[in-house]
Amino acid sequence: MEETWDETRVRELHDDLVDLYGPAERDGEHGSDADPGEGVRQLVTTILSQNVADENTRRAAENLFSTYEGYDAIESAPPEKLAEVIRVAGLPETKADRIQRALSAVRAETGGAYSLAFLDAMETDAAKPWLTDIKGIGPKTASVVLNFHFGKPTMAVDTHVERVSKRFGLVPESASNAKVHDLLDELVPDELKYPLHVLLITHGREHCTARSPDCENPVCTRYCTCGGC
């Protein structure tokens, strides 16, 4: 009989992943926007990271922030020029449009400042819809900004997290990405949302890959239901 998932079992999964990979540590705690541009930088960089490898995200961000002196210059840049600057990140025209739209929304909300500090004072269930109301900002991008920068309890679901969660039965195989976000936000304890996100990504890269998964590990043996296991 397949076991059901509850908080206790999620904590056991986290502990088993820690035993396999070591603990997932935050690079730094934020929880505020003392430097007004840092939250916005996280948002812009996360848009750049959509559907692209980390190295290309890094290169695109370096190009962007070395080309333009401030967010006002990015927002007002000719779209075709901005797209060329970030081309290495892929989907350059789409991402240029999303970045400018996001910057415009932030400026309008704050009355002229490029700062996301106002999100820190909002409850997660209000802050997340504020971000996803911006066209091109999905639940993953919103959750990355809110969890990574502000430490808010929402779990970002990338392709690795979604694949492993479905194979482990944490969420239904048929669930959409948006639904997976909702289900994991409800199931995973708040303090585990960041570390479990990181550990599931690591497991998806190291063992539970999309093709030819390597199931010879204690975590897959205990939790996975994929064909390889």
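**Salt bridges, a helix contact and a buried glycine**

Glu7 is partly exposed, at a relative accessible area of 43%; here buried stands for under 20% relative accessible area, exposed for over 50%, and partly exposed for what lies in between, with a 1.4 Å probe and protein chains only. Colleagues, the model on the screen is a predicted one, in which local features need pLDDT of at least 70 and side-chain atom pairs count only at pLDDT 80 or more, while totals for chains, interfaces and linings use all residues. Residues are numbered from 1 along each chain as its sequence is written, and side-chain values use heavy atoms, with hydrogens and water left out.

I begin with the charged pairs. Side chains of opposite charge can pair when their charged atoms come close. The rule applied is a side-chain nitrogen of Lys or Arg within 4 Å of a carboxyl oxygen of Asp or Glu, and by this rule there are 14 salt bridges.

Glu7 forms one of them with Arg11, at 3.0 Å from N to O. Both residues belong to helix α1 (residues 7–21), four residues apart, about one turn of the helix; helices are DSSP runs of H or I with at least four residues, numbered from the N terminus. Arg11 is partly exposed, at 29% relative accessibility. Together with Glu191, Glu7 and Arg11 are linked in a network of salt bridges.

In helix α3 (residues 54–67), Glu55 and Arg58 lie three residues apart, and their closest N and O atoms are 2.3 Å apart in a salt bridge. Glu55 is partly exposed at 42%, and Arg58 is partly exposed at 38%.

Which residue meets Asp190 in a salt bridge? The partner is Lys193, at 2.9 Å from N to O. Asp190 is partly exposed at 48%, whereas Lys193 is buried at 1%.

I turn to helix packing. The axes of α9 (residues 139–149) and α11 (residues 177–187) come within 10 Å and cross at roughly 35 degrees; the axes are lines fitted to C-alpha atoms over the stretch in contact, with angles from 0 to 180 degrees between N-to-C directions. Pro139, Lys140 and Ser143 of α9 meet Asn177, Ala178 and His181 of α11, where contact means heavy atoms within 4.5 Å.

Finally, Gly204 sits in helix α12 (residues 193–206) and is buried, with a relative accessible area of 1%. Beyond its neighbours within four places in sequence, Gly204 contacts His160, Arg163, Val164 and Thr209. Val164 is 40 residues from Gly204 in sequence, yet the C-alpha to C-alpha distance is 6.2 Å.

Notes. Helices (H or I, at least four residues) and strands (E, at least two) are DSSP runs, numbered from the N terminus.
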